[in-house]
Amino acid sequence: MTVLDVLARRRDHGREDRCRVALVVEGGGSRATFSAGMAAAVEDHGLTPLLDDVYGVSAGSLNAAWLVAGKAREAMAPWTDRSVMRGTIDPRRVLRGGRVVDLEHLVEHVYVREVPMPFATILASPVTYHPMATDAATGASTDLAPLLDGPPALRRALRASSTLPVLAGPPVAFGDRRWVDGGLTEPVAVHTALAQGATHLVVLRTHAGAHVAAEPPGVVDAVVRRWLRRHAPGVVDAWVDRVERARATEALLAELGAAGKVLQVRPPDDAPAVSRTSTDLRLLAEALRVGHEAADLALEPLRAPAA
């Protein structure tokens, strides 16, 4: 059965099958506005209860958490809130020795006081939430789900999954390890999902078309490598090999797609270009709209009940 077949059958006849359906949410900083819109469409179609697991990487882990909480549509609002975006992303802070991306502000203030995330609901959900992070010492892509023993741990995991090198400060200490952005080693967590038993995948992407990481400008590459050597030495090799690993992931997804085992939702080729640290509210609002529309179209076959 294809992914859509499994979801339609679960919707109409219950979950009595031997399949394991995982939804994987790609990150990418502000590009995650696309996957935020997509997650809201998944929720609008009533598909969340039909899933077994939801995996999120980097900013995609934030969208994934909101989806598991049943609040994906509400979570679109912070992406276009001027106060939230300015408090979270501000390149000018570098001039004062601060962080471009302030995840502590986002997770510990915005998600607690301004736009409360129902942490307890996520932890109690029958749909298992898997925030992915990278072990700073070993470079291993790691599922932090086993460490989620309460709301404080969940907030810590959200920060760990999204800690971009250079931009978001030092690695996050959590458990007995230190963690950096999950996207450094597994930008699309399909390998982990499959290793943990997924038979079918829905993958929300933030790039149009098959994406292979481009080599950054020499200065950027040098800065990132220096930061990693100092703060996350185990991740240096992963950074160096990222293009090869991206190609392998795209090849795997293509193979799974040919077999009907994965449904990828991508922004269209004419989608607006969104940088990792964009705070352009009009651009982000458009990305939300485009992402929602793309997922709505991909999930259209599920609107009509199966015969």
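Visitor: What makes Arg10 and Asp52 a salt bridge here?

Guide: This is a predicted model, by the way. In it, the closest N and O atoms of Arg10 and Asp52 are 2.9 Å apart. The cut-off is 4 Å between a side-chain nitrogen of Lys or Arg and a carboxyl oxygen of Asp or Glu, so the pair counts. Arg10 sits in helix α1 and Asp52 in the loop between α2 and β2, 42 residues apart.

Visitor: Which residue does Asp52 meet at 2.6 Å, N to O?

Guide: That's Arg15, again in a salt bridge. Asp52 lies in the loop between α2 and β2 and Arg15 in the loop between α1 and β1, so the pair ties together parts that are 37 residues apart in sequence.

Visitor: And why does Arg15 count as partly exposed?

Guide: Arg15 comes out at 35% relative accessibility.

Visitor: What makes Asp296 and Arg303 a salt bridge?

Guide: Their side chains meet at 2.5 Å, N to O, and the limit is 4 Å, so they qualify. Asp296, at 21% relative accessibility, counts as partly exposed. Arg303 is partly exposed too, with a relative accessible area of 47%.

Visitor: How do you know that Arg159 has no salt bridge?

Guide: The nearest side chain of opposite charge, Glu108, is 4.2 Å away.

Visitor: Why is strand β7 described as largely enclosed?

Guide: 5 of its 5 residues, 200-204, are buried, so the rest of the structure largely encloses it. In a regular strand, side chains alternate between the two faces of the sheet. For β7, one side has His200, Val202 and Leu204, the other Leu201 and Val203, and they are all buried.

Visitor: How do you know that β7 pairs with β8?

Guide: There are 4 bridges between them, in the parallel sense. Pairing takes at least two, so β7 and β8 pass. Leu201 stands opposite Val262 in β8. Strand β1 also runs parallel to β7, joined by 5 bridges, and Ala22 stands opposite Leu201 there.

Terms used
Residues are numbered from 1 along each chain as its sequence is written. This is a predicted model: local features need pLDDT of at least 70, side-chain atom pairs count only at pLDDT 80 or more; totals for chains, interfaces and linings use all residues. Side-chain values use heavy atoms; hydrogens and water are left out. Buried means under 20% relative accessible area, exposed over 50%, partly exposed in between (1.4 Å probe, protein chains only). Lys and Arg count as positive and Asp and Glu as negative; His and the chain ends are not counted.
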